[in-house]
Amino acid sequence: MEKTIIECDNVSFHYEHSTVLEDISLEVKEGEFWALIGPNGSGKSTLINIILGLLKPDQGNIKLFGQNIDSFKQRERIGYVSQKSNSFNSGFPATVLEVVKSGLARKIGLFKSFTKHDEQKAMDALRVVKMDDFANKNIGELSGGQQQRVFIARALVGEPDLLIMDEPTVGIDQKNVASFYSMLNALNREHGIAILLVTHEVDLVTELATHVACLNRSIHFHGNRSDYKKMNDADISAWYGHPVRRVHQDEKEGQR
Ligand SMILES: Nc1ncnc2c1ncn2[C@@H]1O[C@H](COP(=O)(O)OP(=O)(O)OP(=O)(O)O)[C@@H](O)[C@H]1O
């Protein structure tokens with residue numbers, strides 16, 4: 001049986017006077033690729049911050065890899081890429097390889113120097129995201145999409161079992177979004193890394209994610225991809241509280 005990697009059990013959370021999350025229960029198991037969808041301000045980033053241990057829930061419990069979050073010490077098992085990663089300007093004084101190696105700091109200690117082996121691991125991670133040819137380039141000289149691949153490599157260099165991403169494609173054009181997602185697909189299928197992806201792309205998830213959860217203060221839907229595909233636009237609109245229309249595969253093909 002697959003092991004449970006993330007277990008949220010009846011989690012609730014509020015900021016000052018507003019309740020943002022109510023009774024959230026969700027399980028992510030080994031090898032699964034979850035897309036967390038929901039309208040703006042529905043609590044997705046807040047839930048991610050709780051799972052990462054950056055916020056403490058008012059109620060409920062989180063377990064990571066079967067351990068209570070308060071006693072969980074194996075942070076290197078989780079790679080995280082935020083929506084604001086791709087914001088280096090052209091003058092930022094670090095190469096792509098240095099940025100990726102910085103992902104090992106948590107493992108080896110901040111002030112220890114990197115070894116040849118660390119460098120090889122960083123190059124391996126760059127190869128996975130097909131950015132090894134850019135290793136010695138300045139990070140600021142890369143496009144948003146290329147930078148985001150580098151940030152995935154930084155999250156991968158510590159060989160995590162789980163990758164959490166909060167809207168990693170913000171600011172990336174549509175053509176590059178598709179290749180970015182196919183890379184995530186390969187990470188999940190070929191490297192067995194579980195993925196929790198916050199996204200606004202209600203269409204792409206049907207082709208990629210193994211499971212979908214829709215959050216809007218509470219969980220309105222969670223299930224596998226085929227159950228999600230059976231939902232119609234009216235269901236999704238009801239979860240969102242406003243009209244949502246998915247682009248269907250035959251329409252997409254017609255647009256090509
Ligand atoms: N630090 C904070 N203090 C007070 N309220 C906050 C704070 N951070 C977020 N909120 C509020 O909590 C709600 C949920 O925000 P959150 O960022 O989790 O939503 P989200 O689903 O990730 O949104 P988006 O899709 O727009 O990124 C919003 O109403 C937001 O304004």
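Predicted model: local features only at pLDDT ≥ 70, side-chain atom pairs only at ≥ 80, totals over all residues.
View 1. Most residues other than glycine have a negative phi.

**View 2. Lysine 130 and methionine 131, in the loop between H4 and H5.** Lysine 130 lies in the loop between H4 and H5, and methionine 131 is found in the loop between helix H4 (116-128) and H5 as well. Lysine 130 has a positive phi of about 60° although it is not a glycine, and with 14 C-beta neighbours inside 10 Å it counts as partly exposed. Methionine 131, by contrast, is buried, with 22 other C-beta atoms within 10 Å. When neighbours within four places in sequence are left aside, methionine 131 is in contact with Val96, Leu126, Gln146, Arg149, Val150 and Ala153. Serine 113 stands 18 residues from methionine 131 along the chain, and the C-alpha atoms of these two residues are separated by 23 Å.

**View 3. The largest nonpolar core and tryptophan 34.** The largest nonpolar core holds 67 residues, of which Trp34, Val100 and Ala153 touch the most other members. Helix H5 (residues 144-156) gives the most to this core, contributing six residues. Not counting residues up to four places away in sequence, tryptophan 34 touches Val28, Ile195, Leu196, Leu197, Ala209, His211 and Ala213. In soluble globular proteins, nonpolar side chains tend to be buried together.

**View 4. The six-stranded sheet.** Six strands form an open sheet with mixed pairing, in the order E6-E7-E8-E3-E9-E10. At its edges are strand E6 (78-81) and strand E10 (218-224), each of which pairs on one side only. Neighbouring strands of this sheet are turned by 15° against each other on average, direction ignored. Within the sheet, strand E3 (residues 33-37) and strand E9 (residues 211-216) pair in the parallel sense over four bridges, and leucine 36 stands opposite alanine 213 in E9.

**View 5. Helix H1 across the strands.** H1 lies across E3, strand E7 (162-166), strand E8 (194-198) and E9, and it runs at about 145° to E7. Six of the eight residues of H1 are buried, so the helix is largely enclosed by the rest of the structure; the buried residues in H1 are Lys44, Thr46, Leu47, Ile48, Ile50 and Ile51. Just after H1, glycine 53 takes a positive phi of about 80°.

**View 6. The shell around the ligand.** Surrounding the ligand are Tyr15, Glu16, Val20, Gly38, Asn40, Gly41, Ser42, Gly43, Lys44, Ser45 and Thr46. Sorted by class, this shell has seven polar, two nonpolar and two charged residues. Helix H1 (residues 44-51) gives the most to the shell, with three residues.

**View 7. The four-stranded sheet.** Four strands form an open sheet in the order E2-E1-E4-E5, and their pairing is antiparallel. Strand E2 (18-29) and strand E5 (67-68) stand at the edges with a single partner strand each, so one side of each is left without a neighbour in the sheet. Strand E1 (residues 4-15) and strand E4 (residues 59-64) pair in the antiparallel sense over five bridges, and isoleucine 6 stands opposite leucine 64 in E4.

Notes:
Residues numbered from 1 in each chain as written. Core = buried A, V, L, I, M, F, W, Y, C linked by C-beta atoms within 7 Å. Buried ≥ 20, exposed ≤ 12 C-beta atoms within 10 Å, placed from the backbone. Helix = DSSP H or I, 4+ residues; strand = E, 2+ residues; numbered from the N terminus. Contact = placed C-beta atoms within 7 Å. Near = placed C-beta within 6 Å. Nonpolar A, V, L, I, M, F, W, Y, C, P; charged D, E, K, R; others polar. Pairing = 2+ DSSP bridges. Axes fitted to C-alpha atoms, helices over the stretch in contact; angles between N-to-C directions.
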